[in-house]
Amino acid sequence: MATRAAKTWPHGSVVTAALLTAAVALSTVGCEYDRSVAPPPPAKRRIAQYPVTYVRPTVPASLPTKRRAFDGQVARIACSGCHDAAGANVTAGEVDQNPANTSESQNEAGADAHGVRLKHGDVTCLMCHSRTDRDALTLADGRTLEFAAARRLCAQCHGPQHRDYLAGSHGGMNGHWDQSQGPRTRNDCTACHDPHRPAWPMVTPLPAPRR
Amino acid sequence: MPGPQIDPHRDDPGEEIDPHSVAARPDRRTFFKLAFATLGATAFARAMAPLQAWTETLDKASFVQQHYRELDKQQMATVLTRLEAETARDYGAKVSISDPKPQPGVKFGYALNLSVCNGCRRCAEACHEENNHDRASHQSWIRVFELDKGSIDFESGSTTYDHAVPQPDKFYMPVQCQQCDNPPCVDVCPVEATWKQADGVVVVDYNWCIGCRYCEAACPYHARRFNWTKPFVPAAEVNPNQSYLGGRIRPRGVVDKCHFCTHRTRVGRLPACLEACPTGARVFGNLLDPDSEIRRVLAAKRTFVLKEELGLKPSFFYFFDE
């Protein structure tokens with residue numbers, strides 16, 4: 001007579017079923033501190049609702065003179081105040097000039113005459129300033145450009161920086177990363193770079209942590 | 001004839017004195033026992049003194065406060081009110097502690113342009129002021145490394161430089177919490193006082209932290225710091241815009257770290273370090289938004305992460321312009 005299987009067999013299956021049920025129950029209910037972070041759903045494309053303000057020059061360039069206005073401020077004179085289209089009527093001494101007038105080139109002489117310290121590669125004055133309208137800038141093809149749109153002029157030569165600026169990774173910003181929640185302010189080129197000496201100056205860093 | 005023997009240990013012949021008592025035997029051994037017992041008692045009292053100071057400011061509500069993740073809205077409001085009152089009492093400043101939640105569909109990413117950073121430390125200073133760090137030690141959650149061009153060798157770099165920057169043969173790399181996707185600090189915390197939230201920020205519940213500093217040891221970027229003392233911040237310099245898991249003034253004995261300015265970024269604003277950067281080296285945004293600036297940087301620039309071989313998947317990226 002075949003021996004029956006060990007008497008523990010039905011007992012074992014009950015235990016196994018109970019363990020499996022417990023395992024399934026725990027895996028569905030989960031433990032109290034669920035450390036896994038579910039992947040977030042893809043973001044809806046947010047529509048920018050708030051404006052971006054650009055800090056750009058709003059008035060034509062001007063130079064400080066040696067005179068003072070009625071309110072005590074240093075009087076500034078626009079370029080066309082001395083120059084006409086032909087470049088004549090230059091009144092020497094009207095603006096503060098560089099004292100050490102040891103310029104070797106006409107470029108530097110022009111810069112020194114206006115108190116401008118020029119260090120911009122091989123760029124000369126008339127590459128950017130319009131010859132015909134002294135209160136405007138000029139593009140490479142001769143078209144004039146107002147000062148507020150100076151970024152186009154910079155972008156002519158500095159394309160990679162302009163591309164990064166438009167992409168948001170050059171020039172910084174203030175305000176909100178999420179333009180649907182608040183406005184943002186961007187800097188124009190000349191807000192950070194002096195157009196005559198655009199290289200970033202050396203600075204003294206703020207103090208390090210003390211420990 | 002000899003008189004009665006007078007016992008020198010007796011004051012009065014008629015008085016009985018226990019020969020084993022101290023008064024009966026004022027000898028050297030007794031003196032030393034008394035002296036060192038007094039010294040020991042004094043030392044014990046001095047050692048227990050901080051406990052007395054602690055119990056003066058300890059209240060039942062803070063002792064029985066539950067973990068952040070177990071508090072419902074009403075309990076959280078009570079906790080925030082209590083913390084604001086404690087800050088007013090301890091620092092003399094009226095503050096507003098909020099609890100901004102992660103926004104759905106947002107995962108933060110941060111990128112830093114190593115071609116542009118000039119090591120001026122304005123970001124570290126902005127973090128110091130925005131997040132109410134201890135003034136005495138001038139702490140910040142950002143450390144700026146000055147490294148030799150050509151490789152990233154932190155051991156030969158310096159965080160304490162004080163000469164004019166940028167030096168021509170060096171580059172500058174600010175390091176802060178990288179908000180890893182696989183954070184070792186979260187794994188080692190014995191009490192789960194730190195965890196990663198849905199928008200990617202690894203946060204710390206300062207009231208639950210026990211100050212064991214395991215997370216500080218586990219972080220390979222040394223991004224976490226410990227509050228050895230109660231932070232000192234003058235009332236006029238306290239930033240009143242605080243958050244429970246972020247920039248509120250930490251108690252003594254807990255670990256803190258950069259939290260991507262959650263009190264700002266979770267309402268759509270830029271973090272303080274980015275706004276302070278004068279060179280525009282920092283880029284921040286939502287990694288899940290394909291039109292964001294951070295996504296454009298990751299797609300177009302030569303980007304890398306620190307200590308990639310550890311497999312921690314940081315959310316902080318470094319890139320070069322060319």
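A salt bridge here is a side-chain nitrogen of Lys or Arg within 4 Å of a carboxyl oxygen of Asp or Glu. Lys101(B) and Asp99(B) form one, with their closest N and O atoms 3.0 Å apart.

Before going further, a word on conventions. This is a predicted model, in which local features need pLDDT of at least 70 and side-chain atom pairs count only at pLDDT 80 or more, while totals for chains, interfaces and linings use all residues. Residues are numbered from 1 along each chain as its sequence is written, chains are lettered from A and ligands numbered from 1 in the order in which they are written, and side-chain values use heavy atoms, with hydrogens and water left out.

**Confidence and layout**

The model scores ipTM 0.78 and pTM 0.78. For chain B the mean pLDDT (the predictor's confidence in each residue, from 0 to 100) is 91, and 92% of the residues of chain B reach 70 or more. Chain A has six helices and seven strands; helices (H or I, at least four residues) and strands (E, at least two) are DSSP runs, numbered from the N terminus. Along the sequence, the elements of chain A follow the pattern α-β-β-β-α-α-β-β-α-α-β-β-α. Of the 211 residues in chain A, 21% are buried, where buried means under 20% relative accessible area, exposed over 50%, and partly exposed in between (1.4 Å probe, protein chains only). With contact taken as heavy atoms within 4.5 Å, 41% of the contacts in chain A between residues at least 6 apart in sequence join residues at least 24 apart.

**Where the chains meet**

The contact between the chains takes 59 residues from chain B and 37 residues from chain A. Together they bury about 4100 Å², 51% of it on carbon and sulfur atoms; buried area is the accessible area (1.4 Å probe) that two parts lose on being put together, summed over both. Across this interface there are 16 residue pairs in polar contact, both at pLDDT 80 or more. A polar contact is a pair of N or O atoms within 3.5 Å; within protein, one must be able to donate a hydrogen and the other to accept it, and residues adjacent in sequence count only if both atoms are side-chain atoms.

On the side of chain B that touches chain A, the elements giving two or more residues include β2 (108-113), α4 (122-130) and α9 (293-300) of chain B. The most comes from β10(B), with four residues. By class, this side has 22 nonpolar, 19 polar and 18 charged residues; Ala, Val, Leu, Ile, Met, Phe, Trp, Tyr, Cys and Pro count as nonpolar, Asp, Glu, Lys and Arg as charged, and the others, Gly among them, as polar.

**Salt bridges**

Over all chains the structure holds 21 salt bridges, and two are found across the interface of chain B and chain A.

| Pair | N to O distance |
|---|---|
| Arg184(A) and Glu293(B) | 2.8 Å |
| Lys101(B) and Asp99(B) | 3.0 Å |
| Asp164(A) and Arg163(A) | 3.4 Å |

Arg184(A) lies in strand β7 (residues 184-187) of chain A and Glu293(B) in helix α9 of chain B, so the pair joins two chains. Both Arg184(A) and Glu293(B) are buried. In the Lys101(B) pair, Lys101(B) is partly exposed at 48% relative accessibility, whereas Asp99(B) is buried at 17%. Asp164(A) is buried too, at 7%, and a network of salt bridges links Arg163(A), Asp164(A), Lys301(B) and Asp321(B).

**Around α4 of chain B**

Helix α4(B) is mostly covered, with seven of its nine residues buried. Among them are Cys123(B), Cys127(B) and His128(B). The cover over the buried residues includes β3 (143-148), β4 (170-175), α7 (262-265), α8 and β10 of chain B.

Next comes the loop between α4 and β3 of chain B, where Asn131(B) is placed. Asn131(B) is buried, with a relative accessible area of 1%. Leaving aside neighbours within four places in sequence, Asn131(B) is in contact with Trp141(B), Gly247(B), Arg250(B), His259(B), Cys261(B) and His263(B). Just after α4(B), Asn132(B) takes a positive phi of about 55°.

Asp27(B) sits in the segment before α1 (28-57) of chain B and is partly exposed, with a relative accessible area of 35%.
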